[in-house]
Amino acid sequence: MSKLFLIPTPIGNLKDITFRAVEILGSVDLILAEDTRQTRKLLNHYNISTPLQSHHMFNEHKSVESISSKILGGQTIALVSDAGTPGISDPGFLLVRTCLEKEIPVETLPGPTALIPALVNSGLPCDRFCFEGFLPPKKGRNKRIAGLVDETRTMIFYESPFRLVKTLDDLALYFGPDRNASVSRELSKMFEENIRGTLTFLSEYYATKSPKGEIVIIVAGKKD
Ligand code: SAM
């Protein structure tokens, strides 16, 4: 039966993909990709020649109808993002919702995502946590952080290297300078770095370093 697969892809190291993900990417009728050039590199690495079609945040509202029609017409389609799990700070949700509304089977494979290794590696409690994705850069930013002041679970944020220090400073302002945190940079890549300390320590550390690459910030929850 035709269906939609959501397939996690490596967040850095190309070996971080499951056997089943490779098998499904090689057997579906079509792969929807955020950036087809980026995904082509992965497919070439695994000798996969499945056709690719672009599906990103700028066209997903328009394309979900035609994609779901293709699946209803008998095709099996896989959605991937540039890295990690589709739908996690990446396109995916709209297509899943549309397919489920049309009673199309949806299957998401377990696999790479940046938030889990960053959380587990932080040394902060990972029995209960909340994923906040990217904070808004301007409008609504302070309100979002203020809403987390009483959060007791460990918090996870995605951030760009250009805003890292500002975000650490903003978090310190609301959560206090001594709140424990961890910054994971370039997970699974050659220059992976995990630095742990208070929000103030981390801000000072990165203020002198001009960080590059991809970043996850983990912040301890408020003490009960
Ligand atoms: N779908 C992805 C996932 O499952 O993690 C997230 C995509 S989001 C557009 C990209 C953000 O994820 C980056 O800005 C960074 O915060 C985080 N990220 C992705 N790869 C990473 C890596 N190798 N190391 C650290 N953070 C990473």
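Begin by selecting cysteine 99, which counts as buried because its relative accessibility is 0%, where buried means under 20% relative accessible area, exposed over 50% and partly exposed in between, with a 1.4 Å probe and protein chains only. Before going further, note that this is a predicted model, in which local features need pLDDT of at least 70 and side-chain atom pairs count only at pLDDT 80 or more, while totals for chains, interfaces and linings use all residues. Residues are numbered from 1 along each chain as its sequence is written, and side-chain values use heavy atoms, with hydrogens and water left out.

Now select cysteine 126, which is in no disulfide and whose nearest cysteine sulfur, that of cysteine 130, is 14 Å away; a disulfide here is a pair of cysteine sulfur atoms within 2.5 Å. The structure holds 0 disulfides. Cysteine 126 counts as partly exposed, because its relative accessibility is 39%.

**Helix α4**

Helices (H or I, at least four residues) and strands (E, at least two) are DSSP runs, numbered from the N terminus. An α-helix has 3.6 residues a turn, so residues three or four places apart point the same way. Just after α4, select glutamate 103, which takes a positive phi of about 60 degrees.

**The five-stranded sheet**

Next, display the open sheet of 5 strands, which has parallel pairing and the order β3-β2-β4-β1-β5; two strands pair if DSSP finds at least two bridges between them. Its edge strands are β3 (52–54) and β5 (106–108), each of which pairs on one side only. Neighbouring strands of this sheet are turned by 25 degrees against each other on average, direction ignored, with axes taken as lines fitted to C-alpha atoms, for helices over the stretch in contact, and angles running from 0 to 180 degrees between N-to-C directions.

Select β2 (residues 30–33) together with β4 (residues 77–80): the two strands run parallel and are joined by 4 bridges, and isoleucine 31 stands opposite alanine 78 in β4. Then go to leucine 6 in strand β1 (residues 4–6), a residue that is buried, with a relative accessible area of 3%. Leucine 6 and threonine 108 are 102 residues apart in sequence, yet 4.5 Å apart in space, C-alpha to C-alpha. Leaving aside neighbours within four places in sequence, the contacts of leucine 6 include Leu79, Val96, Val106 and Thr108.

**Helix α2**

Select helix α2 (residues 36–45), which packs on the sheet by touching β2, β3 and β4, and whose direction makes about 155 degrees with that of β3. The buried residues of α2 are Thr39, Leu42 and Leu43; they cover an arc of only 100 degrees around the axis, which puts them on the same side of the helix. What covers these buried residues includes α1 (19–27), β2, β3 and β4, whereas Arg37 and Lys41 are exposed on the other side of α2. At the N-terminal end, aspartate 35 caps α2, with a side-chain oxygen 3.0 Å from the backbone nitrogen of arginine 37. Just after α2, asparagine 47 takes a positive phi of about 55 degrees.

Finish with strand β8 (residues 180–185), where 5 of the 6 residues are buried. β8 pairs with β9 in the antiparallel sense over 6 bridges, and the bridge partner of serine 182 in β9 is arginine 196. β8 also runs antiparallel to β10 (residues 215–219), to which 5 bridges join it, and there the bridge partner of arginine 185 is isoleucine 215. Last, select glutamate 193 in strand β9 (residues 193–198), which is buried, with a relative accessible area of 17%.

Notes: Contact means heavy atoms within 4.5 Å. The arc is that of the directions from the helix axis to the C-beta atoms. A polar contact is a pair of N or O atoms within 3.5 Å; within protein, one must be able to donate a hydrogen and the other to accept it, and residues adjacent in sequence count only if both atoms are side-chain atoms.
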